[in-house]
Amino acid sequence: MSDISEYESFLRKYDQEHILHFWDKLSDDDRDELIQDIKTINIPEVISYFQKATENLSSDQEKLDDRLKPIPSSLYGAVSRTNPELLLSYEEEGLKQISEGRVGVLLLAGGQGTRLGSSDPKGMYDVGLPSHKSLYQIQAERIKKLMQLANERMGKSCVITWFIMTSEHTMDPTIEFFEKNNYFGLNKNNVVVFEQGLLPCFTFDGKIIMDKPHKISLAPDGNGGLYRALKDKKVLDMIENKGIKYLHAHSVDNILVKVADPVFIGYCVIKNADCAAKVVEKAFPTEALGVVCNVDGKYQVVEYSEITLKTAEMRNNDGRLTFSAGNICNHFFTTEFLRNVANKYEKDLKLHIAKKKIPYVDLDGKRCKPEKPNGIKIEKFVFDVFQFAKTLVVWEVNREDEFSALKNSDAADKDTPTTARKDLFSLHKRFIEAAGGKFDTDSVICEISPLISYAGEGLRPYVQGKILKSPYYLASPNESLPAQNGN
């Protein structure tokens, strides 16, 4: 398109001509920026997204009870119900794949710490541990330690490449933070930061919202934007070129996450899965965790609100909830499956709507901040690819060992910095007691550097037969503590 009249007729076709409302008043630079926005956004595609998403909204109110089945036990493993020899064989397989350089990590790190009261990316958040390590540092050090373990066990030095998906707002601060902290001891060439896509925000009647007279209002496309970003940013090409066959994908905000967990990787590889979900058992029927299950013969995550209380409360003969596989945004994918999704299925991903208060420009060009939701953001969810899997398996882990989310400030009653700290202290206390150490008090502040131990191994030389005082921090001799966020 060469002149403005062509843009006008193009936008009119999709009932979006208001985008050019301020054209006559814009400077040349602002006009260039607006035209760039229009070119970057695939208008026909995003309009079809709006139509598809709002159709889903009206049709999705039905409950799914009659169409729901649990994941069959042959595809549903659990740490607590697996004998130690079998667990060891899974771990061995996982370490073997890691030592061959076939395992990478996909970190979903698009979120800001807004609900935590921070404007930084959530991965930079200091939870208040004795070490003051951020979530990014804790996870980087777990990767570093795991490479060392795989090397020791398999006699081969190896690399776990870390792919970090950020959003528009978290990209630059994340890169600066890693550079400032020398990538926490990882080789910077093995840390790949890329940005997820953006989608326009819409009014309830389908008009694209303007953020400024020359700027369309855009929002990140949800953690399910991963699949398009992997393709568009050429990250999938890089994964394939590096010979990586398996990816562990997880969200940044779980302080207990076992990054590239060799047991989980090994279980998935041995089961020949192309896709997997690590889950925790739901604590009670109405817990607000989505459940991995089978609907009409396809795998999906069903939200608690989509089933009746009667179904949520169903139990098996052993007393466990029938629908107990609580989704924690912790997944395994083969590279081949990701390529199939990116090339074939991404366009069919379900679209989710979030009603939000979205700043907008009124007809006089004044920017307004609404007091109640005035529009929608369209998001894709990472787990909505389960339906495309040939073999999906589920691996249930103990919540107290592997899942403690950080979502809210301490004003809330769960998923706060305080609960995250307590859960980490409790886990590390159990590690120390299992290695023959004891504490002089029950209420313990206790942190073990991931550079010392990935999952409780190798602690005997430090703690066996000792009575330890709280607060206790077991640091690696050569580790330096981080530069604080912004300090």
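User: What makes strand β4 and strand β5 a pair, and in which sense do they run, parallel or antiparallel?

Analyst: Keep in mind that this is a predicted model. Two strands count as paired if there are at least two bridges between them, and β4 (residues 161–166) and β5 (residues 191–195) have five, in the parallel sense. Phe163 stands opposite Val192 in β5. With helix α6 (residues 171–180), β4 and β5 also make a β-α-β unit, a right-handed one.

User: And which strands make up the open sheet of three strands?

Analyst: The order is β7-β19-β16, with antiparallel pairing. For β16 and β19 (residues 375–379), five bridges meet the cut-off of at least two. Ile353 sits opposite Ile378 in β19.

User: Why are β7 and β16 said to stand at the edges?

Analyst: β7 (202–203) and β16 (352–356) each have a single partner strand, so one side of each is left without a neighbour in the sheet.

User: Why are α4 and α9 called roughly perpendicular?

Analyst: Helix α4 (residues 84–99) and helix α9 (residues 262–270) pack at an angle of about 90°. Roughly perpendicular covers 65 to 115 degrees, so α4 and α9 get that label. Their axes are 6 Å apart. Among the residues that meet are Leu87, Tyr90 and Leu95 in α4, and Val263, Tyr267 and Ile270 in α9.

User: Is Gln300 buried, exposed or partly exposed, and how do you know that?

Analyst: Its relative accessible area is 24%. Buried means under 20% and exposed over 50%, so Gln300 is partly exposed. Gln300 is found in strand β14 (residues 298–302). Asp384 is 84 residues away in sequence, yet 6.5 Å from Gln300, C-alpha to C-alpha. Leaving out residues up to four places away in sequence, what Gln300 touches includes Leu64, Val292 and Phe386.

User: What else is Phe386 in contact with?

Analyst: Neighbours within four places in sequence aside, the contacts of Phe386 include Cys275, Ala277, Tyr299, His331 and Leu392. Phe386 also belongs to the largest nonpolar core, which has 89 residues; Tyr136, Trp162, Val292 and Phe386 touch the most other members. Helix α5 (residues 135–154) gives this core its largest share, seven residues.

User: Last one: which residues of helix α11 are buried, and what covers them?

Analyst: In α11 (residues 335–345), Thr335, Phe337, Leu338, Arg339, Val341 and Ala342 are buried. Their cover includes β3 (103–108), α7 (226–232), α8 (235–241) and β15 (325–334).

Technical notes:
Residues numbered from 1 in each chain as written. Predicted model: local features only at pLDDT ≥ 70, side-chain atom pairs only at ≥ 80, totals over all residues. Heavy atoms only, no water. Core = buried A, V, L, I, M, F, W, Y, C linked by side-chain atoms within 4.5 Å. Buried < 20%, exposed > 50% of the residue type's maximum accessible area, 1.4 Å probe, protein only. Helix = DSSP H or I, 4+ residues; strand = E, 2+ residues; numbered from the N terminus. Contact = heavy atoms within 4.5 Å. Right-handed = clockwise from strand over helix to strand, strands pointing away. Axes fitted to C-alpha atoms, helices over the stretch in contact; angles between N-to-C directions. Parallel < 35°, antiparallel > 145°, perpendicular 65-115°, else oblique.
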